Amino acid sequence: MSVTLARVEPSIAGVGDYIELMKPRVMSLVVFTALVGLVVAPGHVHPVIGFAALLCIAVGAGAAGALNMWYDADIDARMARTAGRPIPRGRVTPGEAAGFGMTLAVFSVVALGLLVNWIAAALLAFTICFYVVIYTIWLKRSTPQNIVIGGAAGALPPIIGWAAATGSIAIEPVVLFLIIFFWTPPHFWALSLYRTEDYIRAGVPMLPVVAGAAETRRQILFYTLLLAPLGATPWFLGYASPLYGMVALAAGAVMIALALRVCAERQGHAASKQMFAFSILYLFLLFAMLLVDRMSGGLGGQLLGHFAV
Amino acid sequence: MKAISGTMDEFTRQTMSEPRLDGGIKLTEQQLRARRARSIAIALALGAFVIVIFAVTIVRLGSAVLTRPM
């Protein structure tokens with residue numbers, strides 16, 4: 001028996017390639033929503049502990065991104081949107097990405113546990129496992145419900161942030177989780193409507209590929225109708241100011257209007273593109289308002305009350 | 001014994017980054033630059049990690065960090 005050892009070329013991967021593996025744009029959204037979970041939690045968190053928690057969550061999100069790129073390298077190579085990622089471009093080998101992702105995953109979870117608390121660390125570990133194993137390895141290639149269920153991974157950061165601050169879980173961060181959870185399908189399906197060819201080429205069973213554009217448009221409207229009132233729930237539950245409530249309801253109304261336009265669209269993808277772009281602004285607006293609310297000690301509500309009188 | 005020491009020499013030669021005289025892998029300029037950049041990034045990340053651990057230790061323990069049973 002002879003064993004042939006493959007000759008591996010020395011790596012040419014630069015620092016930028018490894019940063020790209022961590023999906024910095026997704027990471028920034030994760031950090032932002034986790035920050036809101038951390039800030040709206042009751043009590044005071046020392047800034048250094050808060051910073052350490054966010055750093056660990058950011059690295060954990062980066063680890064999940066790298067592991068996703070490792071497993072999805074074959075799909076990425078066939079899609080225009082992802083063909084320029086480090087593995088399809090030949091800058092980083094799949095093995096390097098897997099090693100990098102695993103190292104960061106273990107490091108971030110253990111560091112979060114030791115520096116902050118083990119509830120937050122367990123939630124971070126669950127999030128990484130859910131994103132990589134349940135979403136990337138299992139659901140993404142097997143069901144059009146991939147992003148609905150897989151969206152749970154992207155929705156967990158506010159709960160991790162809250163747990164980092166309090167060491168427990170409560171209804172407030174669960175509502176934030178639900179907002180992101182119900183926001184994910186309209187957001188991604190709007191994108192997939194004008195990237196359908198890409199998904200067909202890659203063999204990913206996204207909803208427009210499997211059920212057609214008309215059904216996808218209906219589903220977008222259905223989830224947006226659930227999302228709009230849910231977005232204002234923090235105000236209904238009393239932990240956000242009326243100003244937040246007004247902004248959430250107004251932004252929700254715009255989302256519904258855009259979803260209706262997507263439903264009515266028969267030619268071109270202008271409405272889908274608008275929906276995709278506005279959905280990012282919608283989520284950012286809601287979480288930024290929660291942050292402003294908390295930072296200003298409910299100033300928004302006080303101002304609104306002042307004008308009402 | 002000689003065979004083992006020969007194997008160890010081979011192992012050392014393969015794993016250390018000394019220049020090879022027998023026509024083995026020679027890094028190109030681009031590979032060298034990339035490796036240097038990665039090494040600097042790892043050093044900076046480890047330095048930042050040390051600072052974070054130090055800061056959290058001080059915050060968590062405060063002046064008690066100096067107190068230890070004699």
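A residue counts as buried when its relative accessible area is under 20%, as exposed when that area is over 50%, and as partly exposed in between (1.4 Å probe, protein chains only). By this rule A:Asp76 is buried, with a relative accessible area of 2%. The structure is a predicted model, in which local features need pLDDT of at least 70 and side-chain atom pairs count only at pLDDT 80 or more, while totals for chains, interfaces and linings use all residues. Residues are numbered from 1 along each chain as its sequence is written, and side-chain values use heavy atoms, with hydrogens and water left out.

**Chain A and its helices**

- Chain A has 16 helices and zero strands; helices (H or I, at least four residues) and strands (E, at least two) are DSSP runs, numbered from the N terminus.
- Of the 309 residues in chain A, 53% are buried.
- Helix 7 of chain A (residues 146-155) is mostly covered, with eight of its 10 residues buried, among them A:Ile147, A:Val148 and A:Gly150.
- The cover over these buried residues includes helix 6 (118-139), helix 8 (157-166), helix 9 (171-193) and helix 12 (213-231) of chain A.

**Salt bridges**

- Over all chains the structure holds 11 salt bridges, each being a side-chain nitrogen of Lys or Arg within 4 Å of a carboxyl oxygen of Asp or Glu.
- A:Arg89 and A:Asp17 form a salt bridge, with their closest N and O atoms 3.0 Å apart.
- This pair links distant parts of the chain, 72 residues apart: A:Arg89 is in the loop between helix 4 (73-78) and helix 5 (94-115) of chain A, and A:Asp17 is in helix 1 (residues 15-21).
- A:Arg89 is partly exposed at 43% relative accessible area, whereas A:Asp17 is buried at 5%.
- A:Asp76 meets A:Arg85 in a salt bridge (3.2 Å, N to O), and A:Arg85 counts as buried at 16% relative accessibility.

**The interface of chain B and chain A**

- The contact (heavy atoms within 4.5 Å) takes 16 residues from chain B and 21 residues from chain A.
- The two chains bury about 1500 Å² between them, 73% of it on carbon and sulfur atoms; buried area is the accessible area (1.4 Å probe) that two parts lose on being put together, summed over both.
- B:Gln31, B:Arg38 and B:Val59 supply 32% of the area that chain B buries against chain A, more than any other three residues.

Terms used. Chains lettered and ligands numbered in written order.
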